[in-house]
Amino acid sequence: FTDLTPTHISWQPSVNAANHHTNRYANTELTVRRGQAFNITLYFNRPRQNGDSLGFVTEIGPSPSESHRTRAAFNLSEGGGSGWSAAQGPSDSGSMNFTITSPANAVIGRYNLTLRVTSGNKIFSRYLGQFVLLFNPWCPGDDVYMSNENERQEYVLNENGIIFVGNARYIEARGWYYGQFQDLLNICLTMLDLSLYYRQDPAMDVSRRGDPKYVGRVISSMINGNDNDNGVLLGKWQGSFHSHENPSRWDGSVVILKKWRQDNYRPVQYGQCWVFAGVMCTVLRCLGIPTRLVSNFNSAHDVDRNLSIDKYYDSSGRSLNISKDSTWDYHVWNESWFIRPDLGRSYSGWQVLDATPQEQSRGIFQCGPASVLAIKEGEVDLDYDTLFVYSEVNADCNRWIVYNDGTKKRVYCDTEIIGRSISTKAVGSNGRVDVTANYKYPEGSSEERRVYKKALAKILGTSVTEGRTDSPEGRPSETMRNPGIAGKFKLAEPPVFGKDINLILVLSNLSSDRKSVRVDMSASTILYTRRAVAEILKAATSVELGPKQGKQIRVKIPYTHYGRYLTTDKRIQVTALCEVMRTHGLRLLVEKTIILEDTNIIIKIPRRVVVNKAVSLEISYANPLPEPVSRCVLLVTLMNQQVKINLARLAPRERSKIYFEFTPRRAGPLQLQVDFSCDKFSHVKGFVTIAVAPA
């Protein structure tokens, strides 16, 4: 009789995709999740007889082996040691239905599936095709299991995101389109094969891809192109971006990842922290790891790893760029959800991963996974990079004055400013959730200082009783005594882009002695990393303060002074160095960062938007400046479709509007983003989430 031979296979795509929550992936091959059964139907050249026994072989990677768990051979109804199994379901004479189940810790990626037929004493194999296996947050045995369905919908299946930017006092929301189902799966799998880990040892690398810790760390090294000329993005934080993309121009990950592939996997120029985080979120959600974006306000970058950020000023209060340490107005990273058997179950849950290239970890620009709980408890010696993230949210901040002869004096130490309003998008809405309490105990509490001392002791290898007053070079230094005055900057009215900025410096004498105070003021436009761009104001004045008296000094920064020096970050930093005369140089440093507000883009949507029905939106935009603007361009982005609209020039302070028509093709939430640029400013953003109703 003839050999039993399969003639045709049905991968049952619609049934499997619905059961495995993979029905939105754009790729055509079977895509399923591990630890869960999927069904296939095989058609044969003749009915199966008693002498025919069947089995399957799955293989992944360049050199599959059972010892590496990248190859499994299993017969029908026999659960082999590999954890893979197959069973025959109800069948008819010409075809057979099979259920194949993978182990919950299987390697993820693209598998080859082969049928093995034993007929009498003959064994032969038939290659059936390929399927993709992903992480499975719906499977209790998977390391990435998440028990709450609303959270799975948000952190695995939602293609729309919100990124919180601005500063701790003025938090702004920006839209981001992750688009993890938009034909990116092959790009994400290729990314793993382009990593330095794979190049070093392909077989070992593939065998470790069942572990979300490992996959997350590898992806964090691949989103930036600092070590690997095949990384996705190059970062750039200063200078001009001409001939490449300003990081503020991006509204989502899909265009970046497709450009990367199109340019033969050369890094896309340029990204900044929120871009790195947005792209990494897309890749991890695409592979099935629950992931979200987190914004840390007043985020420290502690280069010398001593848990303190040192900032220097000259004797007239101008900020000096001489420290390697820095504090960013905000920094965006990712959290992914999985267990940590390597650290102990209590450290499971959210893990920090950060693809922005700040510091090398074990020789590569990568960061994490660091357990959020380990960060809160000051366990800075635990894997991976817990110390670095701990200092981002919890370092102390020292301010130093550098005198003309090079001596340094510490003006003050702030233990509470770093790591404020740590924020993420709410589940199921565009709201902001404050997650600061996940990262640290309340500022100023005894627990927070206890954890800080514990972390410092782990670094220094000694027990610590009090905060350090060493200078950054490690030499003991003098800390300036309290000058007996207090001060702060207040805004006379909200600071609006295009208008003059009116500030008040409020100085108060805390003592019952008269005080003469010399005030040196300076203002600079800055980046969100607080690096100065251009000085726009320098002024000095003196003020007499009677006992317990307060006085106000008015400061005006005209638009004509700051307008042409602003970057897309729209930030100005003002400092006042207040010296109390006849006190041997006692000084107070007062500082404020101003973000210029922009109520530029207003999007009006109809009350009801229905799938497959044309809808018209009103988009209004404005020139907030006291001068005309030309070369006006509006970019409207819906998912990964972008429309560029060239507009007429705008007179000073003029507002105009257009109507934009489109037809939504899917029910559910749809994010629409608008980006407005002209010759005087660029990348003013607006977005709206539209609830598209089913027909």
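Biologist: Buried means under 20% relative accessible area, exposed over 50% and partly exposed in between (1.4 Å probe, protein chains only). On that basis, how many residues of strand 37 are buried?

Modeller: Eight of the 10 residues in strand 37 (residues 668-677) are buried, so the strand is largely enclosed by the rest of the structure. Helices (H or I, at least four residues) and strands (E, at least two) are DSSP runs, numbered from the N terminus. The model is predicted: local features need pLDDT of at least 70, side-chain atom pairs count only at pLDDT 80 or more, and totals for chains, interfaces and linings use all residues. Residues are numbered from 1 along each chain as its sequence is written, and side-chain values use heavy atoms, with hydrogens and water left out.

Biologist: Which strand pairs with strand 37 over six bridges?

Modeller: Strand 34 (residues 632-638), in the antiparallel sense. Two strands pair if DSSP finds at least two bridges between them. One of the residues involved is Leu634, whose bridge partner in strand 37 is Phe676.

Biologist: How many bridges hold strand 31 to strand 33?

Modeller: Three, between strand 31 and residues 615-622 of strand 33, running antiparallel. Lys604 sits opposite Glu618 of strand 33.

Biologist: Changing topic, where is Gln182?

Modeller: Gln182 lies in the loop that runs between strand 11 (170-177) and helix 3 (185-193).

Biologist: Buried or exposed?

Modeller: Gln182 is buried, because its relative accessible area is 18%.

Biologist: What is Gln182 in contact with?

Modeller: Contact means heavy atoms within 4.5 Å. Beyond its neighbours within four places in sequence, Gln182 is in contact with Ala26, Glu159, Tyr177, Val254, Lys258, Met639 and Asn640.

Biologist: Val254 belongs to helix 7. Which residues of helix 7 are buried?

Modeller: In helix 7 (residues 254-262), the buried ones are Val254, Ile256, Leu257 and Trp260. Their cover includes strand 11, helix 3, helix 6 (212-222), strand 12 (233-235), strand 13 (268-271) and helix 8.

Biologist: Last one, Gly288. Where is that?

Modeller: Gly288 is in the loop between helix 8 (273-287) and strand 14 (291-301). With 0% relative accessibility, Gly288 counts as buried.

Biologist: What does Gly288 touch?

Modeller: Arg33, Phe135, Pro137 and Val144, once residues up to four places away in sequence are set aside.

Biologist: And what separates the C-alpha atoms of Gly288 and Lys592?

Modeller: 42 Å, with Gly288 and Lys592 304 residues apart along the chain.
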